[in-house]
Amino acid sequence: MTALRRADGRSFAAAVTLTSLADGYTATAQPLPEMAAEKALPRGLAPRLKAVFTVARVPFLTATVAPVAFAGAWAWATGIARPFPWLVFVVATVAAALLHTAANLLNDYFDWKSGADPGNNDHFAPFSGGSRSIELGLLTPKGSMLAGFGAMAAATLLGLGLALLRGWGLLAFGAVGAFVAWSYTAPPLRLAARRGLGELAVGLCFGPLMVAGAVFAMTGQHLWQAYLAGAPLGALTAAILWINEIPDLNADRAAGKTNLVVTLGAAGAAKGYVVLLALAFVSVVAGVATRAMPLWTLLALLSLPLAVRNSRIALAHYGDRQLVQANAGTIQLQLVVGMLLTVGAVVAGVWG
């Protein structure tokens, strides 16, 4: 069951049947009566957990977990977080994940309102086109917005607790995160429609700012090296957003969401994606060269074959549905690099 729109703009519930084709799929929709639509909503524990999984976009939360985990390992390796503050680390991770979830829910609401998601028939589920939770009837538009505010409020409460422990400067990191979560797709700023501001904001928030903020939460120290250490994961998280924008290009253009992918076109965006991946690995080397990162974090370079594979797919298939392999592969790459950076930092802390 999904939610579709009539020519007059009114939504209606429909049962959608997908039929596989050689180069994709075709879909047919059958309108459902109101009672049938109500009965189609998830019932029982397992379906509801699956619905929560979809609404929160849980697979994408690795974009938050990876930099916070690396921040903890980095702080421990440099000797400023010993003994390791496990409770603070867990609370900081949950707070960051809640703020990320809030951004996803608000993104769904404003992309629905602008028409970007309802008009998107070319998305690669679950990698692009939003969570589709509103279209699937898992949440109403108002419910998505309220859930986003709820997640943001919970993150704020946890952030206040950490600020009481480590210092009020921590609130500056949270305020920037909350601002971007709201203004990414919300008017009047709508950063995602500002030719690069959305991609830049995501790269900074999920890289330098998240690592430096997590280090501050665990140690009470504000260190410039932490910003540099977060650059590789910031570039890779921006790459996740970037590659997911390619199949959304036509719907985004129609909704006035003029991001860099829309500006460059699919072919140009595929090349830009490769540049982002290259920037991530260059920043690992630069971080080690400037001693902002331990030598052992060069272990992240072991993931280069995956980056090359994703780049080849993007350059060859930016115009067809085989691009989905790169969509999934970019999430994997960000997680693998985050794990290797974390392991490298831990090894450096043990062996020096």
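Colleague: Is Asp111 buried or exposed?

Modeller: Asp111 is buried, at a relative accessible area of 5%. Buried means under 20% relative accessible area, exposed over 50% and partly exposed in between, with a 1.4 Å probe and protein chains only. This is a predicted model, where local features need pLDDT of at least 70, side-chain atom pairs count only at pLDDT 80 or more, and totals for chains, interfaces and linings use all residues. Residues are numbered from 1 along each chain as its sequence is written, and side-chain values use heavy atoms, with hydrogens and water left out.

Colleague: What does the side chain of Asp111 meet in a salt bridge?

Modeller: The side chain of Lys257, at 3.0 Å from N to O. A salt bridge here is a side-chain nitrogen of Lys or Arg within 4 Å of a carboxyl oxygen of Asp or Glu. Asp111 sits in helix α4 (residues 86-114) and Lys257 in the loop between α10 (249-254) and α11 (260-289), so the pair links distant parts of the chain, 146 residues apart. Helices (H or I, at least four residues) and strands (E, at least two) are DSSP runs, numbered from the N terminus.

Colleague: And Lys257, buried or exposed?

Modeller: Lys257 is buried, with a relative accessible area of 8%.

Colleague: How many salt bridges does the structure hold?

Modeller: One.

Colleague: Changing topic. Which residues have the most contacts inside the largest nonpolar core?

Modeller: Phe70, Leu333, Val337 and Leu341, in a core of 69 residues. Such a core is a set of buried Ala, Val, Leu, Ile, Met, Phe, Trp, Tyr and Cys residues joined through side-chain atoms within 4.5 Å. Helix α7 (residues 197-219) gives the largest share of this core, twelve residues.

Colleague: What does Val337 touch?

Modeller: Leaving out residues up to four places away in sequence, Val337 touches Leu233, Leu236, Phe281, Ala300 and Ser303. Contact means heavy atoms within 4.5 Å.

Colleague: How do the axes of α9 and α13 cross?

Modeller: At roughly 170 degrees, coming within 9 Å, for α9 (residues 231-245) and α13 (residues 324-351). Axes are lines fitted to C-alpha atoms, for helices over the stretch in contact, and angles run from 0 to 180 degrees between N-to-C directions. The two helices are therefore roughly antiparallel, a label for angles over 145 degrees.

Colleague: Which residues meet there?

Modeller: Among them, Leu233, Leu236 and Ile240 in α9, and Leu333, Val337 and Leu341 in α13.

Conventions
Angles under 35 degrees count as roughly parallel, over 145 as roughly antiparallel, 65 to 115 as roughly perpendicular and the rest as oblique.
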